Amino acid sequence: MTENELGRMIPKKIDHIGKLLPFEGAYSHTPLVKKEKGNRELPKLNKLINSIEEVIVKTGLKDGMTISFHHHFRNGDKILPMVMNVISEMGIKDLTIAASSLTSAHSGLVEHIKKGTVKRLITSGIRGRLAEEISNGLMDIPVLIHSHGGRARGIETGQIKIDVAFLGVPSCDVYGNANGYTGKSACGSLGYARVDAAYAEKVVLITDNIVEYPNTPFSIHQDQVDAIVVVDEVGDPEGISTDAVRITKNPRDLLLAELVSEVVINSGYFEPGFSIQTGSGGASVATTRFLRQHMENRDIKASWALGGISGPMVKLHEDGFINRLLDVQSFDTEAIRSIGANRYHSEIDASYYANPLNKGCAVNKLNVVILSALEIDTNFNVNVITGSDGVIRGASGGHSDTAIGSGLSIIVAPLIRGRTSTVIDSVQTVITPGSTVDVLVTDRGIAVNPRREEIKARFMKAGLPVYSITDLKEKAEKIVGKPDPIKFRKKIVGLVEYRDGTIIDVIRQVEN
Amino acid sequence: MAKLRRTMLYVPGNNAGMIKDAHIYRSDSVMFDLEDAVSVNEKDTARFLVFKALKTLDYEGIETVVRINSIESGFGEEDVKAIVRAKPDVIRLPKTETADDIHEIESLIEREEKNCGYETGTVALMAAIESPLGVLNAYSIATASKRLIGIALGAEDYVTCLKTTRSPGGTELLFARSQILNAARAAGIYALDTVYSDLNNEEGFINEIKHIKQLGFDGKSIITPRQIEPVHRIFAPTEKEIEYARKTIEGIREAEKKKSGVISVDGKMVDKPFVERAERILELAKASGVLKDEKEGEND
Amino acid sequence: MKIVKTGMAGTLESSDVMITVRDNNGKGIEIHLQSIVEKQFGNQIRKVVQNFLERFSVEEGLIQINDRGALDCTIEARLAAAVYRAAGKSDYDWENL
């Protein structure tokens, strides 16, 4: 028996239960609340820290650690540049940046890499000057390119161990409940950031909009958050979201969209309760308009739509054509409004979306996905990361995740862009293996993967312009000519990780 | 099957990007424009561009038309030299006013065909009528040459000559349209309507298509691929029309078997004009994709 | 053909090419190529240009090419227009063009 802090006698041990810890006072084992609650004042608890620099010190960030960022602020992101500038000034070195993706707002990383602040990048995509520099051999360690689902898997399994996550949020209370759809920097879903918030060792929220406690409904919650810093601006609203995405007037995109919708309705997957994901490209978005027509005509409603959500998809939802929206990333102002307003427009995190190793991700339940391509080869392998000149300029995103998860994966792209053919013998870089791709739709004809003969037969019956993919390749080659092969150096500048963690391809330094 | 000319898509003759892909939208014809779409300073460069494109690119069976400059403009003769050699399906002559205009262009084309060693008549001709005098001469124009496959109305210049403007209902064009259509039918060639240029007025466009279809036109010049679908949709026969056409054809076959001259379909007497109309409806239905060729799709 | 002045043809729009042909002060043919598909089609573009210049006996000229992904037929059309303009001629040889 021992006497506890209140003088009660507590046994040291009980059979079948084990050793007991005697009470030592209300505050002694909960250090976080000790000081404030001890005063019995109003609950003024907060996690606010005065500056980025202070918070970096507080997190104990050291040379060689891994820090993470999300890309929900897209081209308008100010968080990564802001944090990296402070870190750089503090002289911390050799960091790994694990970002859900990198955009044109992140060109400043070039200087941080040159200076030695950053030694490694893990990301879904890279664009702009940073991408060009990396393709030209900027980094000693190759960049690791992952899919959205692959990143969630990597974080959950500990392959990517995040020491500190710096997460910009459009609204947050003083205790760390944050959501993405309120505030001047609203970005909608915080789906990618939620994985970091759940698994990072230290979680720092950065906001320009402190709101009353509790900030419900919340995406990132107080029990995950270590510290909060308030800044003037987390992003540039113009770069964060486009105005409501409108259906394109570009004739080529409309032609592609019409063909894609014909492909969908004749595929056998167009039936009551189907589910669909479209990308954010002009043709992909425009497909919703043509599909709506067919849905009206045949009285077919979709049960749900997945993915990056944009205005035209919201419209279908609000008009009763799609019952539910699962949203990992909101593309435009309409989607951002809707995720806050519509009960069945739900935010999902990247693991729920596409992690191949959790107990069940949304892409596995998807019927139809419409995806883009920079290049596709005669084996249906798809490249969305390097341009025809071999330089990095894209993102893996959810491409390989949705391609394998869905019942019908449709790639849509013009057959020829300028003088570059989309269909070639062998893609520069494989992001999505051809064995998970079903149909290619181009403005000069459709090709069906030979493993889906039954779908091809349906298209032929419907009178769609079906060719073999080799025919399409030759058709394009006849028009643009045969390009000289791009020359690469030996040095590997990027590793492309498939969603399961294996390496599907490498990217080499371009020869100039 | 008679050639469909529901849609003739204008493609500016100096726009390399558009010339490259003009046919992928599947209009019935594409028309490369060397005339109004090309500024006076670029007549030579556009001519080179259209010439090389026609010689090099495969338009995959889509009818190719080149609108050349008028002879008076000073560019027309060189246009004929270049374009005949490049062998499009059709040359379209703008601002045709008299049968002599046709004779003049015809002799130039014929001379060039000889120079190139082509068979006479290789390149067909189409005439656009864009003035009150041209409208009055429609029949003599339509019958001026065996090469002529059609006449078209060009309304913009025409309404200016009439001292009026184009209205949504098209009252001001009623005479010209009727006259041109009638001349074309009398000559046994195609009748093509003018462009509709208010791209933001979808309803007005639809009304105009319905109007010219009812008048009897074969089709229309269009200025963007976005205008293809509405025209093809409205020109497509309805299910009811197709059904009636089928019954008519079946009825006539029955009657032929029985060697009886007169038949009735749904209680109505049917004779030769009905049958011709029925045949045209079925052809149009096939071309519009409303009616699938029964054999299609079973070969694979 | 002899280059007597500066001739320019084409645009900088996608799928087009802008070509300038001018006198090269007795230094023969010089081709300056700038192209968005230089790596893939640079050699092919030079070949098309040289071939044309030989066919039309252009022995002297500075050819500046700013290519935005034009097809060979577009490059030839723009080059032909620029060369004829630079030669101050309009007796087009359609048979050989």
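The legends below describe several close-up views of a predicted model.

**Figure 1. Overall build of chain A in the predicted complex.** The predictor assigns an ipTM of 0.98 and a pTM of 0.92 to the complex. Chain A contains 16 helices and 32 strands, and its radius of gyration of 25 Å is close to the 24 Å that the globule rule gives for 512 residues, so chain A is as compact as a globular protein of that length. Along the principal axes, the C-alpha atoms of chain A fill a box of roughly 90 × 55 × 50 Å. Buried residues make up 54% of the 512 residues of chain A, and of the contacts in this chain with a separation of 6 or more, 71% are between residues 24 or more positions apart.

**Figure 2. The largest nonpolar core and the surroundings of Val204(A).** The largest nonpolar core comprises 254 residues, and those with the most contacts inside it are Leu167(A), Val204(A), Leu205(A), Val260(A), Ile410(A), Ile151(B) and Ile180(B). Helix H2 of chain C, residues 72-87, gives the most to this core, with 10 residues. When residues up to four places away in sequence are not counted, Val204(A) touches Val55(A), Thr59(A), Val164(A), Ala165(A), Phe166(A), Leu167(A), Asp226(A), Ala227(A) and Val229(A). Among these partners, Leu167(A) is itself listed with the residues that have the most contacts inside the core.

Figure 3. A cis peptide bond with omega of about -5° joins Tyr213(A) and Pro214(A), and Pro214(A) is placed in the loop between strand E14 (202-207) and strand E15 (227-230) of chain A. Pro217(A) is found in the loop between E14 and E15 of chain A as well, and a cis peptide bond joins it to Thr216(A), here with omega of about -10°. As background to this view, most peptide bonds are trans.

**Figure 4. An open sheet of three strands in chain A.** The 3 strands of this open sheet follow the order E22-E21-E27 in chain A, and their pairing is mixed. Strand E22 (382-383) and strand E27 (423-424) of chain A are the edge strands, each of which pairs on one side only. Strand E21, residues 375-377 of chain A, pairs with E22(A) in the antiparallel sense over 2 bridges, and Glu375(A) has Asn383(A) in E22(A) as its bridge partner. In general, strands of a sheet pair through backbone hydrogen bonds, either parallel or antiparallel.

**Figure 5. Strand E1 of chain B and its two parallel partners.** Strand E1 of chain B, residues 7-12, is mostly covered, with 5 of its 6 residues buried. E1(B) runs parallel to strand E8 (residues 219-222) of chain B, to which it is joined by 3 bridges, and it pairs in the parallel sense with E2(B) over 5 bridges. Most residues other than glycine have a negative phi. Phi of Arg26(B), however, is near 60°, and this residue lies in the loop between helix H1 (16-21) and strand E2 (29-33) of chain B. Arg26(B) has 17 other C-beta atoms within 10 Å and is partly exposed. Lys95(B), which is not a glycine, has a positive phi of about 50°, and its place is in the loop between strand E4 (90-93) and helix H4 (99-116) of chain B. Lys95(B) counts as partly exposed, with 19 C-beta neighbours inside 10 Å.

Figure 6. Chain C has an average pLDDT of 97, and 100% of its residues score at least 70. Where chain C meets chain B, 16 residues of chain C are in contact with 16 residues of chain B. H2(C) gives the most to the side of chain C that touches chain B, with 6 residues, and by class this side divides into 10 nonpolar, 3 polar and 3 charged residues. Where chain A meets chain C, 11 residues of chain A are in contact with 14 residues of chain C, and the side of chain A that touches chain C has 4 nonpolar, 4 polar and 3 charged residues.

How values were computed. Residues numbered from 1 in each chain as written. Chains lettered and ligands numbered in written order. Predicted model: local features only at pLDDT ≥ 70, side-chain atom pairs only at ≥ 80, totals over all residues. Contact = placed C-beta atoms within 7 Å. Nonpolar A, V, L, I, M, F, W, Y, C, P; charged D, E, K, R; others polar. Pairing = 2+ DSSP bridges. Helix = DSSP H or I, 4+ residues; strand = E, 2+ residues; numbered from the N terminus. Core = buried A, V, L, I, M, F, W, Y, C linked by C-beta atoms within 7 Å. Buried ≥ 20, exposed ≤ 12 C-beta atoms within 10 Å, placed from the backbone. pLDDT = per-residue confidence, 0-100. Rg over C-alpha atoms; globule rule 2.2 N^0.38 Å.
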